[in-house]
Structure formats: structure tokens, C-alpha cells
Amino acid sequence: MRMAICLAAPEALGYTIQKACPARGGGEEKIEMSAEVVFSEVRPLVLCLGPLRHKMTDEEFFAFCGANPELRIERTSEGDLILMSPSGGKTGNRNLKLGSRLETWAEAEGTGVAFDSSTGFILPNGAERSPDAAWVSKLRWDQLTEKQQESFPPLCPDFVVELRSPSADLKDL
């Protein structure tokens, strides 16, 4: 599941906000929020930086992602940033099962390396994507330097899986 960062009013997230009016004898302004939060699936938030953008190098983008570990960030080939929410419970469980099965197969088969959804790949067009699961042949993986293997590998995986949420358009995957 991918959700956008909500820039709407807190009520849109299911928060209840109550304010006491100081002019009516209510004292200081007081904001209370209910414990109930309702999330819904929506599209990822794409930050189109346009002419203000300095397209980050791969190294700068890797450092930017490292400085913001609480965010799931991808990058388009134009340099725009895509911010995604964490997965919901069911999707997280499906991702884990998928990744576990791919890793089990890769270990038994022995000709490649499996990756989970937290791995970003720098694609030939300059975009950075993090598929739900991926596999790269050992031959191609071993051609990368240690530094390239430690950051976002600059290659397109040989096999990728992206679980589609109900709200995702197929063309966007």
C-alpha cells in the first residue's frame, strides 16, 4: 500500500480537534486529538521541483535518503522526489512472504542475489526505484564495486516484483 503525505486538515486523517475560545472564558487554547486515526490508500506524493531543482547526483540522493530514514523516497528520471508511506499490515505481510520465498529460491538456486523492498536501484535513465522484491544475477552483481554494492546499486534488476495496491494505477508501476 502506498499513501501520500496528507497535507489536508487533521480532520481528514480522523483526528478530532476541539478548541476552547479564550475570548469566551475558555482559557488557553486547547487542542485534543482522539486516539482513532483512519488511513486510506492514496497515491504517492510526487514533489515536482521544476526549475528550483538541482538534480541530485546519485551520491547526494543516497545521502539525502540516509538523512531522512523515516521517509520512503524514490526519484524519477527527471529528479522529482516520490514520497511513499509505510505499508499497511496485510501488504507488509504479503511483501514479507514474497521476499522470503524469493530469498529461499535464490539461496537454493545459487546464481543470483535477492533484495527486499528497502533496496533502491539506480536505473539507466537516472531514476531510483525500490521494488517490493528483486533479483540480480551473481555475474552482474559481482561486476559492481564494493562502494556500488553498499549504496543504491546502479543497475536494473534482472527480476522485479511490485505488489499493486487497489489504488495504484498499473501505468504508474
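How many of the 173 residues of the chain count as buried, as a percentage? The value is 29%. Please keep in mind while reading that this is a predicted model. Here are my notes, point by point.

1. Overall layout. The chain has four helices and eight strands. Taking contacts between residues at least 6 apart in sequence, 55% join residues at least 24 apart.

2. Surface. The chain's accessible surface comes to about 11200 Å². Carbon and sulfur atoms hold 57% of that area.

3. A search of the whole structure finds three salt bridges. In one of them aspartate 58 partners arginine 75, with the closest N and O atoms 2.8 Å apart. This pair links distant parts of the chain, since aspartate 58 belongs to helix H1 (residues 58-67) and arginine 75 to strand E2 (residues 72-75), 17 residues apart.

4. Arginine 129 forms a salt bridge with glutamate 74, and here the closest N and O atoms are 3.8 Å apart. Arginine 129 is in strand E6 (residues 128-129) and glutamate 74 in strand E2, so the pair links distant parts of the chain, 55 residues apart. Arginine 129 counts as partly exposed at 30% relative accessibility, while glutamate 74 counts as buried at 3%.

5. The remaining salt bridge. Have a look at aspartate 158 and arginine 140, whose side chains meet in a salt bridge at 2.9 Å, N to O. Aspartate 158 lies in the loop between helix H4 (146-150) and strand E8 (159-161), and arginine 140 is in helix H3 (residues 138-142), so the pair ties together parts that are 18 residues apart in sequence. Aspartate 158 is partly exposed, with a relative accessible area of 41%, and arginine 140 is also partly exposed, with 28%.

6. Aspartate 132 deserves a look of its own. This residue is found in the loop between E6 and strand E7 (133-137). Aspartate 132 is buried yet has no salt bridge. Which side chain of opposite charge is nearest to aspartate 132? That is arginine 72, 5.0 Å away, and a salt bridge needs the nitrogen within 4 Å of the carboxyl oxygen. What the side chain of aspartate 132 does reach is the backbone nitrogen of leucine 163, at 2.5 Å. Leaving aside residues up to four places away in sequence, aspartate 132 touches Asn95, Asp116, Ser117, Val161, Glu162 and Leu163.

7. Aromatic rings. The count comes to five aromatic pairs. One of them joins phenylalanine 115 and phenylalanine 121 in an edge-to-face arrangement, 5.4 Å centre to centre with 90° between the planes. Both residues are buried: phenylalanine 115 has a relative accessible area of 11%, and phenylalanine 121 is at 1%. Elsewhere in the list of aromatics, Phe61, Phe62 and Phe152 form one cluster.

Methods
Residues numbered from 1 in each chain as written. Predicted model: local features only at pLDDT ≥ 70, side-chain atom pairs only at ≥ 80, totals over all residues. Heavy atoms only, no water. Helix = DSSP H or I, 4+ residues; strand = E, 2+ residues; numbered from the N terminus. Buried < 20%, exposed > 50% of the residue type's maximum accessible area, 1.4 Å probe, protein only. Contact = heavy atoms within 4.5 Å. Areas by Shrake-Rupley, 256 points an atom, 1.4 Å probe, with all protein chains shown as cover. Lys, Arg positive; Asp, Glu negative; His and termini not counted. Polar contact = N/O pair within 3.5 Å; in protein donor to acceptor, adjacent residues only side chain to side chain. Phe/Tyr/Trp six-rings, centres within 6.5 Å; stacked < 30°, edge-to-face > 60°.
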